[in-house]
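Please look through the points below with the structure open beside them.

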Amino acid sequence: MSIVVTGATGALGRLVVDALLTTVPAGEVVAVVRDKEKAAALAARGVELRIADYSRPETLAGAFRSGDRVLLISGSEVGRRVAQHTAVIDAAKAAGVAQLAYTGILGGPDADFTLADEHRATEQLILDSGLPYTFLRNGWYTENYTANLAPTLEHHAVVSNTGDGRVASAARADYAAAAAAVLTGDGHLNTAYELSGDTAWSLAEYAALLSELTGETIAYNNVPAAVHQEILVGAGLPEGFAAILVDVDEAVARGRLAGTSGDLARLIGRPTTPLAETVRTALPTA
């Protein structure tokens with residue numbers, strides 16, 4: 001039996017492998033990756049590599065073994081993920097894996113925004129497969145915001161259409177630690193976890209925090225959805241992706257990403273990483 005992480009060279013996958021290696025021998029960890037060279041650092045740590053691609057079902061036939069515990073990290077290609085995930089689920093079922101954990105989205109079947117559509121469909125596919133499952137319904141990563149710090153600080157403004165909505169975000173490493181916990185522990189089969197940070201915050205509070213940490217005035221500009229769409233497209237984002245981000249902001253305004261169930265902190269055995277800590281780490285040092 002091995003613990004298998006798909007998408008292991010991605011931002012979340014690498015952190016999951018890091019977390020696993022703090023508790024289990026490297027020889028028990030398998031990384032499913034598309035690019036062997038990109039995964040060289042994992043191989044150097046003793047992690048077994050299996051080369052496969054979500055978009056090439058024939059490559060997935062050898063990705064899993066009977067009794068493996070598998071983490072399916074959701075694909076990044078919005079619009080193609082149901083087909084990709086179906087290929088992984090089919091391969092996992094054919095191999096007879098002991099657990100299929102999946103990184104979905106907060107709210108699961110109740111999530112009513114566009115980005116959740118493929119996650120809802122994937123959860124249903126897993127249920128229909130009959131495989132023992134664990135649903136890791138991840139809330140928003142704090143890094144989704146800190147990744148855009150450069151333009152935010154350049155323009156001295158946080159721009160969104162979230163209104164007074166709140167986000168219970170957590171650091172990506174927190175979600176990775178939770179995934180490692182359910183892959184190595186017992187009692188997690190056929191269970192869904194609603195994972196989010198301990199504290200929900202608003203974009204106005206985020207702007208105030210940036211002002212405090214930088215010593216500069218960072219405004220919060222709440223704009224209509226159509227205006228935000230124009231701004232994002234004007235900044236170079238594809239129109240379809242911009243529409244998804246605007247739709248997520250509308251979901252935030254409705255409270256869809258504000259839930260604080262406590263599941264994440266319980267799984268990782270500590271409080272989730274505070275917003276200020278992640279922001280402080282991401283701020284430019286010079």
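1. His156 sits in the loop between helix H6 (149-155) and S7. Helices (H or I, at least four residues) and strands (E, at least two) are DSSP runs, numbered from the N terminus. The phi of His156 is positive, about 55°, although the residue is not a glycine. Most residues other than glycine have a negative phi. His156 is partly exposed, at 34% relative accessibility; buried means under 20% relative accessible area, exposed over 50%, and partly exposed in between (1.4 Å probe, protein chains only).

2. This is a predicted model, in which local features need pLDDT of at least 70 and side-chain atom pairs count only at pLDDT 80 or more, while totals for chains, interfaces and linings use all residues. Residues are numbered from 1 along each chain as its sequence is written, and side-chain values use heavy atoms, with hydrogens and water left out.

3. Asn190 belongs to the loop between helix H7 (172-184) and strand S9 (191-195). Asn190 is not a glycine, yet its phi is positive, near 55°. Its relative accessible area is 47%, so Asn190 counts as partly exposed.

4. Is Thr162 buried or exposed? Thr162 is buried, with a relative accessible area of 0%. The residue lies in the loop between strand S7 (157-160) and strand S8 (166-167).

5. Leaving aside neighbours within four places in sequence, Thr162 is in contact (heavy atoms within 4.5 Å) with Leu203, Tyr220, Asn222, Asp249, Val252 and Ala253.
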